[in-house]
Amino acid sequence: MRIGIIGAGQMARALGRGWAAAGHEVFVGARTFERAAELAEAIGNGAKAGGILQAAVFGEATLLAVPVTALSAVLRESGAGAFTGRALIDCTNAFLPDNGTFVLTEPAVAERIAAEAPGAHVVKAFNLCAAELWDSDRRSFEGRPLAVPLCGDDAGALDLVATLVADLDLRPVRAGGLAQARYLEATSAFVVGQWFSGNDGRAMIPPLEDAFAVPDGEQPSVNAHSPSLPAR
Ligand SMILES: NC(=O)c1ccc[n+]([C@@H]2O[C@H](COP(=O)([O-])OP(=O)(O)OC[C@H]3O[C@@H](n4cnc5c(N)ncnc54)[C@H](OP(=O)(O)O)[C@@H]3O)[C@@H](O)[C@H]2O)c1
């Protein structure tokens, strides 16, 4: 698959390296050619470099890997209709440190992207974990494969991004439509805030089988250990 990446920082590097190693064609676009070329070389496996506009129109999927404050400018530079009918992956987080925890600087970034890039099939993904984790070889914790929640409205784009998640040896989870992405964004702010406060976010949430997430007398329909995906 052809994947354009806008941004040449930590997330671009971590995800780009994994996708290029999995055999995908990766194109890095940044605001300076030097930064893009430097990252393409670090990614290896034939990754190419250029400008933002070139990355925007390069592939079946485009990853937005820039700060939220840069999103509007990047979408404007990509031009109206650049992403129409294609998957636009949003891994961004809009939060800032605040008194020992983190607060959101805006409530619904993925929905804003969809509004500013009409026709794009926006999928929220990869925002819950640090770039260092996506870049590492660790793919399961406490015996469970690491799951990547995906929120989006277009079934084809969700399938495509699920494939890209699986190609990184991670487990895609369909986590609802784009309207759910704001909760994923808030979850990230909350959990990262807890981690930075020294509290283990993972310890606060029980596994599915102990979550009592079923009406009385019924069994859970999905086993958390199962590699199969529930339909959205
Ligand atoms: N790092 C993480 O652990 C992590 C985890 C989850 C989500 N995220 C999210 O992923 C996104 C990228 O994070 P990152 O850690 O990869 O950031 P980063 O390492 O700071 O890289 C950001 C990239 O965006 C580019 N950029 C900044 N302002 C720009 C503008 N106005 N126009 C065009 N490009 C611009 C930078 O360009 P230059 O190279 O020219 O400086 C850089 O290449 C952020 O939204 C972040 O919240 C990060």
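Analyst: What follows goes from the chain as a whole to the aromatic pairs and then to the charged contacts.

The model is predicted. Its chain has eight helices and twelve strands. The radius of gyration is 18 Å, close to the 17 Å that the globule rule gives for 232 residues, so the chain is as compact as a globular protein of that length. Along the principal axes, the C-alpha atoms fill a box of roughly 55 × 40 × 35 Å. Of the 232 residues, 44% are buried.

Now the rings. A pair of aromatic rings is described by the distance of the centres and the angle of the planes. The count for this structure is five aromatic pairs. One of them is formed by tryptophan 19 and phenylalanine 126, with 5.8 Å from centre to centre and 75 degrees between the planes. Planes over 60 degrees apart count as edge-to-face, and this pair of tryptophan 19 and phenylalanine 126 is edge-to-face. Tryptophan 19 belongs to helix α1 (residues 10–21), while phenylalanine 126 sits in the loop between β8 (121–124) and α6 (131–135), so the pair ties together parts that are 107 residues apart in sequence. Both tryptophan 19 and phenylalanine 126 are buried. Together with Trp134, the residues Trp19 and Phe126 form one aromatic cluster.

Tryptophan 19 and phenylalanine 126, by contrast, are buried.

Another aromatic pair involves phenylalanine 27 and phenylalanine 58. Their ring centres are 5.2 Å apart and their planes stand at 35 degrees, so the pair is tilted. Phenylalanine 27 lies in strand β2 (residues 25–29) and phenylalanine 58 in the loop between α3 (52–56) and β4 (61–64), so this contact ties together parts that are 31 residues apart in sequence. Phenylalanine 27 is buried, with a relative accessible area of 8%; phenylalanine 58 is buried too, at 11%. Arginine 2 lies over the face of phenylalanine 58, at 4.1 Å from the ring centre.

Charged contacts elsewhere complete the picture. Side chains of opposite charge can pair when their charged atoms come close. The whole structure holds twelve salt bridges. Among them is the one between arginine 112 and glutamate 116, with closest N and O atoms 3.3 Å apart. Both arginine 112 and glutamate 116 are in helix α5 (residues 109–116), four residues apart, about one turn of the helix. Glutamate 116 is partly exposed, with a relative accessible area of 33%. Glutamate 209 and arginine 144 form a salt bridge whose closest N and O atoms are 2.9 Å apart. This pair links distant parts of the chain, with glutamate 209 in the segment after α8 and arginine 144 in strand β10 (residues 144–145), 65 residues apart. Glutamate 209 is partly exposed, with a relative accessible area of 39%. Salt bridges that share partners join Arg2, Glu25 and Lys48 into one network.

Key
Residues numbered from 1 in each chain as written. Predicted model: local features only at pLDDT ≥ 70, side-chain atom pairs only at ≥ 80, totals over all residues. Heavy atoms only, no water. Phe/Tyr/Trp six-rings, centres within 6.5 Å; stacked < 30°, edge-to-face > 60°. Helix = DSSP H or I, 4+ residues; strand = E, 2+ residues; numbered from the N terminus. Buried < 20%, exposed > 50% of the residue type's maximum accessible area, 1.4 Å probe, protein only. Lys NZ or Arg CZ within 6 Å of the ring centre and 35° of its normal. Rg over C-alpha atoms; globule rule 2.2 N^0.38 Å. Salt bridge = Lys/Arg side-chain N within 4 Å of Asp/Glu carboxyl O.
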